[in-house]
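Here are some friendly exercises to work through with the structure open beside you. Try each task before you read its solution.

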Amino acid sequence: MNITLQVWRQEGPDARGEFKTYQVDGVSDEMSFLEMLDLLNERLVNQGEEPVAFDHDCREGICGSCGVMIDGQPHGPQLGTATCQLHMRKFEDGASIVVEPWRATGFPLVRDLVVDRSSFDQIIEAGGYISVDTGSAPDANLIPIPKGVADIAFDAAACIGCGACVAACPNGAANLFTAAKISHLNLLPQGQAERWTRTENMVEIMEDYFGSCTNHGECEKACPKQISIDFIAMMNADFVKAKFKNRRLVSQS
Amino acid sequence: MTLQLNAKVPEGPIADKWENHKFDSRLVNPSNKRKFKILIIGTGLAGASAAASLGELGYDVEVFTFHDSPRRAHSIAAQGGINAAKNYHNDGDSIYRLFYDTVKGGDYRSREANVHRLAEVSLNIIDQATAQGVPFAREYGGLLDNRSFGGAQVSRTFYARGATGQQLLLGAYSALMRQVDRGKVKLHTRSEMLDVVVKDGRAVGVVVRDLVNGDVTAHSGHAVVLATGGYSNVFYLSTNAMASNVTAIWRAHRRGAAFANPCFTQIHPTCIPASDEFQSKLTLMSESLRNDGRIWVPKNVNESRAANEIPAEDRDYYLERVYPAFGNLVPRDVASRASKRMVDSGHGVGPLRNGVYLDFMSAIERDGRASVEDKYSNLFEMYNRITDEDPYNVPMRIYPAPHYTMGGLWVDYNLMTTVPGLYAIGEANFSDHGANRLGASALMQGLSDGYFVLPSTIGDYLADYLNTDAVPSDDPVFTKIEDEVVSQVDGYLTTDGRRSVDWFHKELGKIMLEHCGMVRNESGLQKALSDIPALHEEFKSDTRVLGRNESLNQSLERAQRVDDFFELAQAMCVDALDREESCGGHFREEHQSGEGEAMRDDEHYAYVSAWEWTGDAAAPELNKESLDFENVELTTRSYK
């Protein structure tokens, strides 16, 4: 296959960026999208041009490192598929493809296709955990958890933290990411003790960095793990409840 | 031999050693813990769990990762599960049986006391992870489900669909972020450790490069913990993530830490075969698939029919045929070599005839498609995305690929390397898996080391340094190494050669896979030992790294990693040459039975090879830790 790429190049956060056009010939349809970028980079190095920087690591769709806008779609055209798992057989020979970094205020650009997603870590830091010091856990089978509950918790926990939901959102909102973690923990019996503080704290940090959700639903479509926006509804319900519950606790103390 | 290898295995019966040791170790009282700074490199299962646990205890912890977030570490890609001797299923499991299986599975090249401790701690790991909210698979009654795995005849593997590593890592990551929030742990992302600083024979800190702006900085602490994973990427094509590398432990090795059993590498039997020359990595399909999948090849060498059109009498279910007791669940090394034999003898399948079939038709007929979907749907989807084939209707094609490295830095029972104050945990050390790791044991070991072992053993070392300040990071010993790192980085940028870093990496990988891969022999290893240094010299003079140090430069990052792989590769070949036996993942063609089974030599090789850096990568010095088996009787591993 022969492909024409328009790739966003930008040396650093303060440098001026621009699209550059590259012709990539001899692409195999067995290649993953990232292997096609490897091929481009190999050729760029041979020509004396700096290779395109992009984040990637496991190339199995689980680490969440990779992710670029491909023709305006986060992770490209294949549903439920991270960029590293997208293969060139999904494109036509002779296709022209536009490749951009995630574009969101919450994800400042680092270089070329690489952005800074540390705001996601800050959201987790605000409460995306169950407080249990090592060694203090009871036997794992002490609390039975209905299979259905465990399964839904897993569906939410499957989030890989890639940021496609934010990139897809017209508002640059991170509600699907945040809701996935909140729902995972709030659904489980172990997560009840901190349910209301967790929800309020995580939502507040989320709003420091990201826009507001207006139910476009683009995030669910872009999510490589196809996490449902139902979890956003769950988070919103818990957030409203948390506002009352947390207040009551304050008045009691 | 110049090193004194004291494994510090505690006295007493095997089942009491760990408890006795914890009691005999000195403690640091809670209010003194904050006076000790511990630097942890890596945030995979071992690093994140250690950082979280040490932070909870009150130590002053700093943790470094080259990723943009601690959650990206390659532990996340582990699919199948984690072993624990819970015996929830009443099938005769026990701590002793897990211990026994692991020692046997490791082909009797691991340290008994460490393995027993691992089996003991396995119970606590499941409790801890469940309490953190790790959504393990459950039965309808709400209790935890288990599956069986290679090398065991009991069901002791806990799992979370096909993403157990992800869920366990996210659990450890959440515990870590909780400590970051509390100010107990300081997190440095996109920061790569490039050297260990040793003063007066003790590890006193590290030198780190910021991958975004190129700043090289010194960090000092009372102890340094390396949790930087394995080195399968020396083969270029492996199941490891693209950035997984040996640099941290290799540079520690160059500063005096002995490197143990570098040739013990594991080739995982169930990976998707390479499809073309541009392949950048190989994708593993969880070993758990072997529970329900049956492995076969066509009996006819030139079989041209599609898999489903080949009748049963023309199929060779070779694992079931040769190993009736374990069948498709033989350990990884055995399964891998059997596949290689089939492909080498012309029975390979697929367009490049480089795979064998892993077939689910029997399971679908027996249990129904829904049951198979429930267990493996995400793996089947992944397979489909990569190959464009549907494993519900067409058998998967699989082939072995480099996956895990049992070798690593030598550590004593406390997980301390031969450099006092320098620890290695998780895959980065050598300790628990001998010559072959059983499936679902990597997650167990990483979390055992990080959550339970290191937090209990590190105090004994630190107790000597109470009220002693860490060596200041502007001490000349730090500035000297900072300068060395800076000039090394400049070296890559100014070489101005003709070939990319990846080109050299691929060439190195080819040599290693051919001569130091699944099968090794003396002449091949000798050839590798002459080819690798030559290619390394070429790398030094002809590599091309464009761009600057001062902005994100991924070629530069890779250049230093590949440079270290060249040295490691030589150590692996030297080690493989020295070990004149076949054991576990190390198969020397000279040492096999008439039927092609591995022949171990316990009389001469029941030792750990701990190699010491001499300044010449091709001539490290061998130190031996002899392995004493007081509990497990050494037998020929038989899975027949």
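A crossing of two helices is called right-handed if the near helix is turned clockwise from the far one by less than a right angle, and left-handed if anticlockwise. Keep in mind that this is a predicted model.

**Exercise 1.** Describe how H3(B) and H12(B) pack.

Solution. Start by finding the two helices of chain B: H3(B) covers residues 45-57, and H12(B) covers residues 442-462. Next, take their axes, which lie 8 Å apart at an angle of about 20 degrees. Angles under 35 degrees count as roughly parallel, so H3(B) is roughly parallel to H12(B). Now apply the definition above: the crossing of H3(B) and H12(B) is right-handed. Finally, look at who touches whom. Leu45(B), Ala46(B) and Leu54(B) are among the contact residues of H3(B), while H12(B) contributes residues including Gly446(B), Asp449(B) and Leu454(B).

**Exercise 2.** Decide whether Ala46(B) is buried or exposed.

Solution. First place the residue: Ala46(B) lies in H3(B). Then count: 36 other C-beta atoms lie within 10 Å of Ala46(B). Since 20 or more means buried, Ala46(B) is buried. Its contacts beyond four places in sequence include Ala227(B), Ile425(B) and Gly450(B).

**Exercise 3.** Find how domain 1 and domain 2 of chain A meet.

Solution. Begin with the bounds: the domain assignment gives domain 1 as 3-100 and domain 2 as 117-252. Their centres, taken over C-alpha atoms, are 31 Å apart. Across the contact, 12 residues of domain 1 of chain A meet 10 of domain 2 of chain A. The domain 1 side has 5 nonpolar, 7 polar and no charged residues.

How values were computed:
Residues are numbered from 1 along each chain as its sequence is written. Chains are lettered from A and ligands numbered from 1 in the order in which they are written. This is a predicted model: local features need pLDDT of at least 70, side-chain atom pairs count only at pLDDT 80 or more; totals for chains, interfaces and linings use all residues. Domain bounds come from an automatic or database domain assignment. Two residues are in contact if their C-beta atoms, placed from the backbone, lie within 7 Å. Ala, Val, Leu, Ile, Met, Phe, Trp, Tyr, Cys and Pro count as nonpolar, Asp, Glu, Lys and Arg as charged, and the others, Gly among them, as polar. Helices (H or I, at least four residues) and strands (E, at least two) are DSSP runs, numbered from the N terminus. A residue is buried if 20 or more other C-beta atoms lie within 10 Å of its own, exposed if 12 or fewer, and partly exposed in between; C-beta atoms are placed from the backbone. Axes are lines fitted to C-alpha atoms, for helices over the stretch in contact, and angles run from 0 to 180 degrees between N-to-C directions. Angles under 35 degrees count as roughly parallel, over 145 as roughly antiparallel, 65 to 115 as roughly perpendicular and the rest as oblique.
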